Amino acid sequence: LTNLNLSLNNIELDGAQIIGEALKLSSSLINLDIRENKFGDEGTKAIANGLSLNGSITKLNYDNNQFGYEGVKAIATAIRTNTALKELSLSGNNLGDEEAKEIGNALSINTSLTLLNLSLNQIYDEGMKEIASALIT
């Protein structure tokens, strides 16, 4: 299986933990669409943990998943270590400047990500400065 779409379901923490464990073991999955579920911070941590150990996912759609700062910290950690991921969408997660700073810090280390969608969030000038700083390093 190379493409999996689990979007627009009602997957919560238990399902997120299962996805995270599967990501640790999967070597064939390339495209994962898990937008519009209800993972929250704890579920996002579980998925990010799996993502940090996964070497095959190149595209992840994580839009509208109701997570905050703790979830973003986990995603940022995964971005720092995952060199396979090329496209990441985090649209519509109500991320603010603090979350943008975490992502910006991760981008300064990651050189493999080619597309990052942060649309429909709450990022203002301070957060944008951190992301822009990563773009010029």
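Me: This is a predicted model. Which element gives the largest share of the lining of the largest pocket?
Reply: Rolling a probe the size of a water molecule over the atoms shows where empty space is left. In this predicted model, helix α5 supplies four residues to the lining of the largest pocket, the largest share.

Me: What is the volume of that largest pocket?
Reply: The volume of the largest pocket is about 290 Å³. It is lined by 14 residues, and those closest to its centre are Leu-107, Leu-116, Ile-131, Ala-134 and Leu-135. Two or more lining residues come from each of β5 (115–117) and α5 (125–135).

Me: How many of the lining residues are nonpolar, polar and charged?
Reply: Nine residues of the lining are nonpolar and five are polar, with no charged residue.

Me: Now the aromatic rings. How many aromatic pairs are there?
Reply: Rings are paired by the distance between their centres, and the angle between their planes gives the type of pair. The count here is two aromatic pairs. One of them is formed by Phe-39 and Tyr-62, with 5.6 Å from centre to centre and 20° between the planes. Planes under 30 degrees apart count as stacked, so this pair is stacked.

Me: Where in the chain do Phe-39 and Tyr-62 sit?
Reply: Phe-39 lies in the loop between β2 (31–33) and α2, and Tyr-62 in the loop between β3 and α3. They are 23 residues apart, so the pair links distant parts of the chain. Ring pairs also bring in Phe-67, giving a cluster of Phe-39, Tyr-62 and Phe-67.

Me: Are Phe-39 and Tyr-62 buried or exposed?
Reply: Buried means under 20% relative accessible area. Phe-39 is buried because its relative accessibility is 3%, and Tyr-62 is buried because its value is 1%.

Me: Which residues does Thr-44 touch?
Reply: Thr-44 belongs to helix α2 (residues 40–52). Leaving out residues up to four places away in sequence, Thr-44 touches Phe-39, Tyr-62, Phe-67, Gly-71 and Ile-75. The side chains of Thr-44 and Tyr-62 are joined by a polar contact of 2.8 Å. Thr-44 counts as buried, because its relative accessibility is 0%.

Me: What is phi of Gln-66 and of Leu-120?
Reply: Phi is near 55° for Gln-66, a positive value in a residue other than glycine. For Leu-120, also not a glycine, phi is positive too, near 60°. Gln-66 is in the loop between β3 (59–61) and α3 (69–81), and Leu-120 is in the loop between β5 and α5.

Me: Are Gln-66 and Leu-120 buried or exposed?
Reply: Gln-66 is exposed because its relative accessible area is 55%, and Leu-120 is exposed because its relative accessibility is 69%.

Notes:
Residues are numbered from 1 along each chain as its sequence is written. This is a predicted model: local features need pLDDT of at least 70, side-chain atom pairs count only at pLDDT 80 or more; totals for chains, interfaces and linings use all residues. Side-chain values use heavy atoms; hydrogens and water are left out. On a 1 Å grid over the protein atoms alone, a cavity is a set of points where a 1.4 Å probe fits but cannot get out, and a pocket is an open set with protein on both sides within 12 Å along at least five of seven lines; lining residues have an atom within 4 Å of a point. Grid points are joined across faces, edges and corners, and a volume is the space filled by probe spheres set on the points. Ala, Val, Leu, Ile, Met, Phe, Trp, Tyr, Cys and Pro count as nonpolar, Asp, Glu, Lys and Arg as charged, and the others, Gly among them, as polar. Buried means under 20% relative accessible area, exposed over 50%, partly exposed in between (1.4 Å probe, protein chains only). A polar contact is a pair of N or O atoms within 3.5 Å; within protein, one must be able to donate a hydrogen and the other to accept it, and residues adjacent in sequence count only if both atoms are side-chain atoms. Contact means heavy atoms within 4.5 Å. Rings of Phe, Tyr and Trp (its six-membered ring) pair if their centres lie within 6.5 Å; planes under 30 degrees apart count as stacked, over 60 as edge-to-face and the rest as tilted.
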